[in-house]
Amino acid sequence: MLGNFSYCNPTKLYFGEDSLEYLRDELKNYGERILLVYGGGSIKKNGIYDDVMKILNESHKTVYELSGVMPNPTVEKLYEGVSIAREHQVDLILAVGGGSVCDYAKAVSVSAYCNEDPWDKYYLKMEDVDNEIIPVGCVLTMVGTGSEMNGGAVITNHETKLKIGHVFGENVFPKFSILNPVYTYTLPTYQMVAGFYDIMSHILEQYFSGSDDNTSDYIMEGLLKSLIHSSQIAVKNPQDYEARSNIMWTATWALNTLVAKGKTTDWMVHMIGQAVGAYTDATHGMTLSAVSMAYYRYIMPYALDKFKRFALNVWNVSPEGKSDETIALEGLKAMEDYMNHLGLVMNIHDLGVTDEMIEGIADATFSMNGGYKELSHDEIVGILKASM
Ligand code: NZQ
Ligand code: ZN
């Protein structure tokens with residue numbers, strides 16, 4: 001394990017079919033005023049809203065509702081949440097939804113008592129929080145982002161065509177998260193598989209960095225195998241509890257800071273995907289799947305050993321009589337076949353990207369240097385064109 005690091009994850013998890021019951025205990029730790037944050041209404045259709053409200057009412061809480069958090073929450077919506085949280089001086093923000101709702105709750109929690117414009121401070125200037133933070137709890141209904149156990153909060157600014165994630169510190173992580181795999185059964189297939197690929201991408205973007213022998217890589221290979229196995233069961237039978245529960249747990253560990261330890265981490269698929277998202281407002285996981293194959297085929301020659309290891313350990317490619325390059329390419333082909341099998345979007349054209357947008361998307365992509373190849377603007381343009 002290279003480098004020096006500290007590790008602490010303060011989020012308490014409650015997992016399983018009966019996990020919502022623990023909300024009662026958690027609520028005792030907070031004051032009376034609860035800001036209930038949710039999305040466009042899926043929780044009202046599947047009954048989760050009623051179950052949560054019942055517990056809130058029985059716990060004698062005063063509930064302020066903040067609904068309509070859209071996928072890829074916007075800066076305007078953030079301002080709305082800030083004014084509501086401030087006005088009612090809420091004691092806890094309870095997010096009930098997917099990554100967008102959890103991210104949004106965290107963004108409101110750090111922004112409510114911020115004296116500057118939060119978009120400028122946290123997203124453009126990337127400054128730390130130096131004001132009061134409202135505690136956040138999550139009831140997760142969509143699996144993929146890992147937002148339930150991390151400090152990420154991604155906000156989209158449509159006016160400036162920027163989608164930016166601020167990864168806040170442990171003081172912003174949810175205080176608790178409730179993970180009931182059954183809640184994910186009602187997800188439409190498109191969202192479900194997009195979430196599966198989001199998990200895979202989080203793992204790959206940490207795995208494909210560094211060249212030392214590192215425990216985190218072995219953990220990630222295990223997580224990938226579990227995900228590949230369970231996701232193929234879940235697309236056939238979305239109500240397979242064993243598969244959905246394994247996927248939910250894998251998603252949390254894929255992005256709760258554990259497997260990043262000792263890794264430089266790449267994150268270029270997310271950077272390109274987020275820029276695609278800023279232009280198209282497409283579903284997060286699909287922006288990643290649509291650019292991944294072009295990206296990985298482009299960087300493969302810069303890290304042939306790692307791509308060979310990926311092919312052998314994750315995709316069980318047989319090495320008999322093959323060159324390293326052939327093995328690595330067969331690994332990527334196996335990954336591409338798997339992605340097609342899940343029904344992922346495999347090009348950005350299908351997400352609404354036009355040739356005219358390519359330069360702008362490349363401009364909006366932040367180039368990071370933790371992976372195997374730092375990309376120039378022209379290289380990003382090349383990857384985007386190859387993703388069309
Ligand atoms: O709004 P509702 O009606 O609830 O519908 C949602 C939404 O339309 C629906 N949904 C969620 N749970 C459901 C359900 N529909 C039926 N049954 C259920 N049980 O699914 C749609 C998508 O939800 P969303 O929360 O947007 O999806 P996801 O969890 O993928 O979150 C995406 C956001 O998270 C950010 C992304 O950039 C994007 O803004 N990310 C956050 C990260 C983090 N915190 O670390 C990292 C990720 O890489 C990602 O960038
Ligand atoms: Zn993601």
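## Close-up views of a predicted model with its ligand

**View 1. Secondary-structure elements that line ligand 1.** In this predicted model, the shell around ligand 1 draws at least two residues from each of helix α5 (99-111), strand β6 (152-157) and helix α7 (189-207). The shell counts 30 residues, and those that come nearest to the ligand are Gly40, Ser42, Gly99, Ser100 and Asp103.

**View 2. Polar atoms around ligand 1.** An oxygen atom of ligand 1 lies 2.5 Å from an N or O atom in the side chain of serine 100, and at glycine 99 a polar backbone atom is found 2.7 Å from an oxygen atom of the ligand. A nitrogen atom of ligand 1, in turn, is placed 2.8 Å from an N or O atom in the side chain of threonine 141. Taken on its own, ligand 1 has 960 Å² of accessible area, of which the protein covers 89%.

**View 3. The protein chain as a whole, for orientation.** The secondary structure of the protein chain amounts to 15 helices and eight strands. With a radius of gyration of 21 Å, close to the 21 Å that the globule rule gives for 388 residues, the chain is as compact as a globular protein of that length. The C-alpha trace spans about 70 × 45 × 45 Å along its principal axes, and 57% of the 388 residues count as buried.

**View 4. Histidine 166 in strand β7.** Histidine 166 belongs to strand β7, which comprises residues 162-167. Its relative accessible area is 4%, which lies under the 20% cut-off, so histidine 166 is classed as buried. From this position, the side chain of histidine 166 reaches the backbone oxygen of tyrosine 122 at a distance of 2.5 Å.

**View 5. Methionine 339 in helix α13.** Methionine 339 is located in helix α13, which runs over residues 324-342. The relative accessible area of methionine 339 is 0%, and the residue is accordingly counted as buried. Leucine 66, shown for reference, is 273 residues apart from methionine 339 along the chain, and the C-alpha atoms of the two residues are separated by 36 Å.

**View 6. Histidine 60, a loop residue with positive phi.** Histidine 60 sits in the loop that links helix α3 (48-58) to strand β3 (62-66). Although histidine 60 is not a glycine, its phi is positive, at about 60°. The relative accessibility of histidine 60 is 66%, a value over the 50% cut-off, so the residue counts as exposed.

**View 7. Threonine 257, a further loop residue with positive phi.** Threonine 257 is found in the loop between helix α9 (241-254) and helix α10 (268-280). The phi of threonine 257 is near 85°, which is again a positive value in a residue other than glycine. With a relative accessible area of 26%, threonine 257 is partly exposed, because this class takes in the values between the buried limit of 20% and the exposed limit of 50%.

Notes:
Residues numbered from 1 in each chain as written. Chains lettered and ligands numbered in written order. Predicted model: local features only at pLDDT ≥ 70, side-chain atom pairs only at ≥ 80, totals over all residues. Heavy atoms only, no water. Near = heavy atom within 4 Å. Polar contact = N/O pair within 3.5 Å; in protein donor to acceptor, adjacent residues only side chain to side chain. Areas by Shrake-Rupley, 256 points an atom, 1.4 Å probe, with all protein chains shown as cover. Helix = DSSP H or I, 4+ residues; strand = E, 2+ residues; numbered from the N terminus. Rg over C-alpha atoms; globule rule 2.2 N^0.38 Å. Buried < 20%, exposed > 50% of the residue type's maximum accessible area, 1.4 Å probe, protein only.
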